[in-house]
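Open the model in your viewer and keep the selection panel at hand. The stops below say what to select next and what is there.

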Amino acid sequence: MAVISARSTAKSTGRRRVRRPGRLVAEIITVVVAGIVAFPLYWMVLSAFKPAGEIQTANPKPWTLAPSLDSFQRVLTVSGFGRFFVNSLVVALAVVVLSLLLSFLSAVALTRFRFRGRTVLLVMILVAQMVPVEALTIPLFFLMRQIGAVAPAFGLNELGSLVLVHLAFSLPFAIWMLRGFVAAVPVELEEAAKLDGASRMRFTWQILFPLVAPGLVAVSVLAFIHAWNDFLFAKTFIISKTENQTLPQAILVFFKPEETDWGAVMASSTLMTIPVLVFFVLVQRRLVSGMSGAVKG
Amino acid sequence: MRVRRTFTAISVSAALALLAGCAPTQSAPAASGGDDQTGTLRVWLFDEASRAPKEAAVKEAITEFKAAHAGVDVDVQWVPVEGRADKFSGAFNDPANAPDVAEFGNTDVASYAQTGALSDLTGDISSWSEGKDLLPSVLDTAKSGGKTYGLPWYTGIRALYYRTDVFTELGLKPPATLAELTDDARKIHAAKPDLYGISTGGKYTYALLPFVWANGGDVAKQDGGKWTSTVESAQAKAGITAYANLLKDDICPPAACANLTGTQSVTAFAGGKAGMTIGGDFNRKAVEQGAVKGKYAVVPLPGTTPGSVAPAFAGGNLLGVFGASKRHGLAVQFAELLAGAKYQEKMYNAMGNLPTLESVQKKLAASDPTLKPFVDTLAAGTKFVPSTPGWSKIDSQNVLPTAVQQIATGGKDVDGALADATAAMNKNFG
Amino acid sequence: MVTQQLPVAVPAPPAPRRARRRRDGRAALLYLLPAGILLAALLVYPIYQLVLISFYDYGQPQAAGAAPLVFLGFDNYAALLQDVQFWTVLAKTVGFAAACVVGSLVVGTALAVLASRVRAVPRTLLFLAALGAWSTPAIAGSYVWLFLFDTDFGLVNEVLSGIGFTGMAHHSWTFGTFGAFGLVAAEVIWCSFPFVLVTMYAGIKAIPAEVLEAASLDGASMWRSTWAVVLPMVRPLLMIATIQSIIWDFKVFTQIYVMTNGGGVAGRNLVLNVYAYQQAFAGQEYGLGSAIGVVMTLLLLSITGLYVRSQRRSTAWL
């Protein structure tokens with residue numbers, strides 16, 4: 001975050017409004033809002049560290065004097081939690097890498113090339129984003145079964161099937177977003193590269209690809225979250241192979257009305273949130289510019 | 001303009017594709033499996049209120065099984081009873097990835113048989129040394145269309161659990177009629193607001209049914225092979241209303257109870273949160289290990305007149321073998337091990353449920369007085385849900401629980417809720 | 001590979017523009033092919049199947065291949081449109097989604113404007129918090145909110161009863177229709193406003209400083225310059241954020257499924273997506289479930305279509 005803020009301070013808000021009386025009020029409001037937004041997360045982490053007696057109590061306190069790792073221990077000793085974690089990570093990373101490559105290529109084709117049917121494709125990509133994917137569970141289920149007969153690694157019960165569906169669902173939005181970003185790269189650059197004798201392929205990968213990096217970051221964030229969050233497809237596709245389940249199922253183990261182990265639920269939620277947070281922090285400097293890139297088209 | 005043209009193009013091509021009209025995909029009829037002697041045997045068992053004892057007994061069986069079969073591993077997945085429908089749907093739709101052995105309730109036999117995914121075990125049972133010991137009436141519940149689809153594992157009979165300490169303190173006696181039960185529950189909640197008078201959730205169909213039957217009603221009747229709903233009959237209405245009245249602020253506040261399932265209702269009682277509950281023989285050990293240990297007793301659920309017993313639901317769980325199992329022989333052997341006398345007894349010790357083998361049941365009933373209320377209930381006569389595939393759908397669509405919830409929360413009046421239920425039931429009966 | 005299948009011996013086109021178009025077409029095909037195959041197989045084909053299934057009596061025996069298929073035509077749709085529950089669920093879905101969309105847009109945009117006017121430290125805090133909320137997986141977020149609002153162990157009830165609302169001591173937030181929807185909507189807004197915030201903030205930052213300076217030199221107040229200068233300039237962005245929010249919030253599944261325990265008491269907190277899922281998978285009515293899916297897609301399409309159309313004049317969106 002520091003980068004965004006440092007840069008933007010220097011750039012715009014600047015000294016111009018230093019004397020504005022309203023600004024202090026605005027800043028106080030900002031900090032309060034930030035506190036409210038962050039509170040559920042704080043509560044999640046706090047509850048994960050609270051000792052057993054302090055969680056299920058009618059007088060919850062917003063701090064703990066005796067942090068304990070008991071809840072994490074309960075979570076991690078559940079058979080397969082580590083395995084589920086790795087499964088989720090493998091699926092999400094595979095989706096990110098593949099969707100970056102595929103959506104980049106498509107975005108280039110849709111913005112830099114003139115050909116018939118371009119508009120049709122664009123509309124279809126927009127339409128594709130509106131399909132309620134939950135409704136597609138039924139046909140996808142049967143499709144995966146058929147695919148499994150040919151390529152077992154992508155059939156039901158396998159992580160490959162999850163990679164495929166999430167890839168398919170991330171692509172339309174990824175293409176949609178990258179499109180604006182690719183369009184923002186001046187055409188003159190391509191002409192110049194061509195004059196220098198660079199092939200189109202080389203231009204695309206060696207010049208264009210790095211230039212749209214912020215857009216790629218935004219896309220990868222969303223693809224990661226999408227795949228990481230999935231609950232329904234993992235639940236439906238992984239029928240009987242326990243070892244191929246993903247994280248959400250691990251949390252469900254602890255959530256049972258009337259006897260919910262809230263400490264464990266919060267600890268597993270914390271563990272599940274960390275990778276996404278790490279991913280965000282790694283890419284955050286590019287995120288804001290990535291978002292704005294999406295619009296310049 | 002361009003956009004509109006595009007949309008037209010898309011819709012036209014979609015329409016054309018439809019006209020070309022090939023049918024949607026179906027699974028190939030369940031492929032016959034194999035008879036491998038090694039590998040991982042995948043087993044689905046139901047999750048229970050406080051699963052640990054059941055899990056321990058099953059683990060013991062697995063250890064024994066693995067010792068007898070080199071190169072075999074057994075992977076158990078615990079399926080929540082309420083979420084079983086989508087889980088089993090998945091297995092039926094993709095037999096290749098279905099488990100090898102699965103526990104399922106006898107109410108689902110007709111509908112599961114219809115999918116053709118389960119093996120007919122008639123031959124296996126007749127060649128099984130302990131097969132002749134199975135109680136014939138219990139074995140009947142595993143049959144559909146003359147074929148047997150599961151090994152009866154245990155019988156589930158529900159009775160009334162109540163808190164002896166609370167009843168003594170408030171000077172109450174175990175209720176002799178359902179009306180008395182309601183009064184007692186109200187008194188308990190009034191005297192101890194922290195306790196539900198009786199914890200019977202809105203999604204607890206098998207606690208609801210005895211109320212309907214005790215009032216002389218039923219949920220459906222069969223005429224010449226066709227089932228029709230009878231929940232709007234005066235008797236059934238009386239029973240459902242009586243049950244819904246338990247889910248009121250003065251007994252079991254709907255905010256907490258309307259969404260409780262059977263397992264959760266029992267868990268609440270075991271956790272010391274209720275004065276009474278309707279629980280099964282298979283819940284006894286869970287309650288025994290809960291906060292109410294030593295402070296509860298069990299009696300048959302009373303009927304409408306003093307001295308009568310409300311007909312209980314003749315529940316029971318079976319162990320089925322999937323037809324597509326690549327390890328059919330192993331699967332049958334594992335099911336037979338679990339359903340055999342040794343592990344029926346261990347399961348009884350773990351959970352307290354009634355065995356399905358006559359010799360084991362007799363031996364245990366003679367030695368263990370805690371079984372008495374359940375055996376008495378059994379002896380007083382039990383009833384069963386409509387044995388038709390439609391019932392599974394009615395069950396998984398929560399038709400009756402929805403009606404109860406609507407009545408309890410005032411979302412609809414009794415007549416309106418039951419009219420909806422009748423329509424939904426008749427649609428599913430076909 | 002595919003280029004080879006195309007007629008290679010094409011005579012040189014007369015006009016250079018057509019040549020470029022043809023060359024482009026081939027390259028585009030190559031570039032689009034990987035994504036195209038994937039989308040055709042995993043999105044277009046399933047949609048086609050979905051529509052197809054919606055015309056059949058497609059239950060569990062049919063799906064398992066143990067019973068013949070019966071073509072119903074529009075019967076599933078007719079049954080759906082006659083079903084009172086469907087209309088109730090539809091109305092609730094629209095209301096719920098609208099609340100979530102408006103909520104995330106208002107909160108996100110307001111905070112973006114705010115963030116553009118404060119110094120680095122408070123802004124960094126705000127963005128950190130927002131990124132945290134954004135990165136919380138739906139299922140984890142649902143549980144945290146459920147826990148905060150838990151009947152017996154929740155902080156919210158404790159605080160409310162502590163400051164005098166004693167009636168809230170054991171209030172169940174997930175029981176009442178509005179309470180449950182409100183709680184879920186709050187969670188959805190919490191985790192979806194950061195997208196709007198980041199997008200809008202990026203847009204505001206992209207406005208040339210001179211424009212804002214000019215506005216302030218003209219004596220425009222902060223409120224007025226936001227309303228009259230900033231918002232019109234970020235309108236294309238706002239449209240993208242709106243479309244995305246509509247698409248996402250209309251399809252909320254996990255939160256409703258988890259937080260209201262599958263649709264609330266007697267299904268009164270169902271939204272279309274969960275309703276379709278339950279009809280299909282729990283109720284074993286795949287045909288009917290598919291019909292709901294089709295209706296939902298059409299509905300989303302027309303809502304976004306109308307919106308895009310109303311905004312088209314001001315944005316070159318294609």
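What radius of gyration would a compact globule with 430 residues have, and what does chain B have? Select chain B: a globule of that length would have a radius near 22 Å, and chain B has 24 Å, which agrees. The radius of gyration is taken over C-alpha atoms, and the globule rule is 2.2 Å times the number of residues to the power 0.38.

Two notes on the model come before the next stop. Residues are numbered from 1 along each chain as its sequence is written, and chains are lettered from A and ligands numbered from 1 in the order in which they are written. This is a predicted model, in which local features need pLDDT of at least 70, side-chain atom pairs count only at pLDDT 80 or more, and totals for chains, interfaces and linings use all residues.

**Chain B as a whole**

Stay with chain B. Its C-alpha trace spans about 75 × 70 × 45 Å along the principal axes. It has 20 helices and 15 strands; helices (H or I, at least four residues) and strands (E, at least two) are DSSP runs, numbered from the N terminus. Buried residues make up 55% of the 430 residues. A residue is buried if 20 or more other C-beta atoms lie within 10 Å of its own, exposed if 12 or fewer, and partly exposed in between, with C-beta atoms placed from the backbone.

Of the contacts in chain B with a separation of 6 or more, 77% are between residues 24 or more positions apart. Two residues are in contact if their C-beta atoms, placed from the backbone, lie within 7 Å.

The average in chain B is 88, and 93% of the residues score at least 70. Select residues 16-20 of chain B: pLDDT stays under 50 there, and the model has 2 contacts for them beyond four places in sequence.

**The six-stranded sheet**

Next, show the strands of chain B in the order β2-β1-β3-β13-β6-β14, which form an open sheet of 6 strands with mixed pairing. Which strands stand at the edges? They are β2 (72-79) and β14 (354-355) of chain B; each has a single partner strand, so one side of each is left without a neighbour in the sheet. Two strands pair if DSSP finds at least two bridges between them.

Select β1 (residues 39-46) and β3 (residues 101-105) of chain B, which run parallel and are joined by 2 bridges. B:Trp44 stands opposite B:Ala102 in β3(B).

Move on to β6 (residues 151-156) of chain B. Here 6 of the 6 residues are buried, so the strand is largely enclosed by the rest of the structure. With β13 (residues 315-321) of chain B, β6(B) runs antiparallel over 5 bridges. The pairing of β6(B) with β14(B) is also antiparallel, over 2 bridges. Select B:Thr155: its bridge partner in β13(B) is B:Gly316, and in β14(B) B:Thr155 stands opposite B:Leu354.

**B:Leu178**

Go to helix α8 (residues 178-191) of chain B, where B:Leu178 is found. Is B:Leu178 buried or exposed? It counts as buried because it has 24 C-beta neighbours inside 10 Å. Leaving out residues up to four places away in sequence, B:Leu178 touches several residues, including B:Phe211, B:Ala242 and B:Pro302. B:Tyr243 is 65 residues from B:Leu178 along the chain, and their C-alpha atoms are separated by 9.4 Å.

**A loop in chain C**

Select the loop between α13 (254-259) and α14 (272-282) of chain C, the place of C:Asn261. C:Asn261 is not a glycine, yet has a positive phi of about 55 degrees. With 18 C-beta neighbours inside 10 Å, it counts as partly exposed. C:Ala266 lies in the loop between α13 and α14 of chain C, and its phi is near 55 degrees, a positive value in a residue other than glycine. C:Ala266 has 24 C-beta neighbours inside 10 Å and therefore counts as buried.

**Where chain C meets chain A**

Finally, show chains A and C together: 87 residues of chain C are in contact with 88 residues of chain A. Helix α2 (residues 16-53) of chain C gives the largest share of chain C's side, 20 residues.

Definitions and conventions:
pLDDT = per-residue confidence, 0-100.
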